Amino acid sequence: MKILIPIIRGNSGSDVYFQSLRDALHKRNIAITLTRLPQYLELAPPVAKIALFWRGDARNCDLVHTNGDHGSHFKVRGRPLVLTVLHNVFEENYQKYTTTFQKLYHHVFLKRYLYRALNTADKIVAISLSTKTSLERTFGISNVALIYGGVDTDMFRPREISVTDQFPGKVR
């Protein structure tokens, strides 16, 4: 199986997520092509699709896996499209902390793209229950699978510390 992961660079956690996913699948001998397209294509995702096909990455894949934002633009005819949504930028608690420019981008461009992607995808994955329920509430969908992100326990593990007399009974 050959998996294509096309993303538009966002300099965000999404970039890290898909790089980590690619690395983990490579370790399991699964053929992955991670295609990073320039960030300016966020404003012109149809051009991103042209760039993807121009490069030839989409010709030999069996499955396309990408983030939700521009997923429908990366649909390859006859191939399943899987979207992973890391968080819903339309969540009320998130929107409180966005700038006017971000709100404008989200509501003028992104909401339309995300809605189309969610309705085009063969499978939608959310990485938290909060994201899953938020997507269902915001977009009126019910087909979101929940798969929690994994943790590298070799890298992230509790450190052995000694508790001093300063904090008796308070630190475990």
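A: Glu92 counts as exposed because its relative accessibility is 62%, where exposed means over 50% relative accessible area, buried under 20% and partly exposed in between, with a 1.4 Å probe and protein chains only. This is a predicted model, in which local features need pLDDT of at least 70 and side-chain atom pairs count only at pLDDT 80 or more, while totals for chains, interfaces and linings use all residues. Residues are numbered from 1 along each chain as its sequence is written, and side-chain values use heavy atoms, leaving out hydrogens and water.

Glu92 belongs to helix H3, which covers residues 92-95. Helices (H or I, at least four residues) and strands (E, at least two) are DSSP runs numbered from the N terminus. Between Glu92 and Ile8 there are 84 residues along the chain, and 25 Å separates their C-alpha atoms.

Now to helix H4, residues 100-120, where Leu104 lies. Leu104 also counts as exposed, because its relative accessibility is 51%. Together with Phe101 and Val108, Leu104 makes a nonpolar surface patch of about 330 Å². Patch residues have over 30% relative accessible area and no salt bridge; nonpolar side chains (Val, Leu, Ile, Met, Phe, Trp, Tyr) are joined within 5 Å, like charges within 9 Å. A salt bridge is a side-chain nitrogen of Lys or Arg within 4 Å of a carboxyl oxygen of Asp or Glu.

For a contrast, turn to Ser72, which counts as buried because its relative accessibility is 10%. Ser72 sits in the loop between strand S3 (63-67) and strand S4 (81-85). Leaving aside residues up to four places away in sequence, Ser72 touches Leu81, Tyr113, Arg116, Ala117 and Thr120; a contact means heavy atoms within 4.5 Å.

Stepping back, the protein chain has five helices and six strands, in the order β-α-β-α-β-β-α-α-β-α-β from the N terminus. Of its 172 residues, 37% count as buried. Among contacts with a separation of 6 or more, 57% join residues 24 or more positions apart. The C-alpha atoms of the chain fill a box of roughly 65 × 40 × 30 Å along the principal axes. The chain exposes about 11,000 Å², with 55% of it supplied by carbon and sulfur atoms; such areas come from the Shrake-Rupley method with a 1.4 Å probe, and for residues only the protein chains shown count as cover.
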